[in-house]
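Subject: Structure handover and findings

Dear colleague,

Please find below the structure that I am handing over to you.

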Amino acid sequence: MWKIITFIVFTFCAAQAGASNNDEIKKTIENQIAAFKLNDFETAFSFATPFLKEKFGSAENFGQMVRNGYPMVWRPAKVIFLQSERYQHGHAQVVQIVDKNGKSHYLRYYICLLYTSDAADEEDSVDLGGRRI
């Protein structure tokens with residue numbers, strides 16, 4: 001059964017996501033998980049979209065939600081990147097996270113298309129939650 005992770009949503013501009021962009025997506029997810037492992041919720045929160053930042057209001061609230069609702073993300077034993085899937089509004093990166101008890105959780109990190117004036121001018125760049133690659 002898929003458990004959908006909705007608190008980590010990256011935004012893509014109009015450009016197509018190529019191989020190097022997939023590497024950047026994976027790196028961004030890895031960096032956020034690394035921040036969770038260090039209890040650095042400020043850094044982890046910095047990867048959230050403006051919508052989620054507004055919804056949770058603070059890194060502390062965001063961190064509490066992850067600790068309580070997604071402990072496997074907060075303290076994963078292993079992270080394995082699986083396929084990238086297309087869906088109606090963009091892509092989803094599927095990640096297998098193994099928790100401390102050895103149980104696997106399959107999560108989708110949704111990557112939504114976002115059209116911005118900057119993106120229209122730069123066909124080869126991608127904006128990941130405010131981070132241009």
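The notes below go from the whole chain to individual residues.

This is a predicted model, in which local features need pLDDT of at least 70 and side-chain atom pairs count only at pLDDT 80 or more, while totals for chains, interfaces and linings use all residues. Residues are numbered from 1 along each chain as its sequence is written, and side-chain values use heavy atoms, with hydrogens and water left out.

Overall fold

The protein chain holds six helices and six strands; these are DSSP runs numbered from the N terminus, helices being H or I with at least four residues and strands E with at least two. Their order along the sequence is β-α-α-α-α-α-β-β-β-α-β-β. Of the 133 residues in the protein chain, 43% are buried (buried means under 20% relative accessible area, exposed over 50%, and partly exposed in between, with a 1.4 Å probe and protein chains only). The protein chain exposes about 7,400 Å², of which carbon and sulfur atoms supply 50%; accessible areas come from the Shrake-Rupley method with a 1.4 Å probe, and for residues only the protein chains shown count as cover. Among contacts (heavy atoms within 4.5 Å) between residues at least 6 apart in sequence, 55% join residues at least 24 apart.

The salt bridge

A search of the whole structure returned one salt bridge, defined as a side-chain nitrogen of Lys or Arg within 4 Å of a carboxyl oxygen of Asp or Glu. R108 and E85 form this pair, their closest N and O atoms lying 2.9 Å apart. Because R108 belongs to strand β4 (residues 104–113) and E85 to strand β2 (residues 78–87), the pair ties together parts that are 23 residues apart in sequence. R108 is buried, at a relative accessible area of 16%.

H105 in strand β4

Strand β4 also contains H105, which is buried with a relative accessible area of 13%. The side chains of H105 and D99 make a polar contact at 2.9 Å (a pair of N or O atoms within 3.5 Å; within protein, one must be able to donate a hydrogen and the other to accept it, and residues adjacent in sequence count only if both atoms are side-chain atoms). Leaving aside residues up to four places away in sequence, H105 touches M72, V95, Q96, I97 and D99.

N39 and its backbone

N39 sits in the loop between α1 (19–37) and α2 (41–46) and is partly exposed, with a relative accessible area of 40%. Its phi is near 60°, a positive value in a residue other than glycine. Most residues other than glycine have a negative phi.

Yours sincerely
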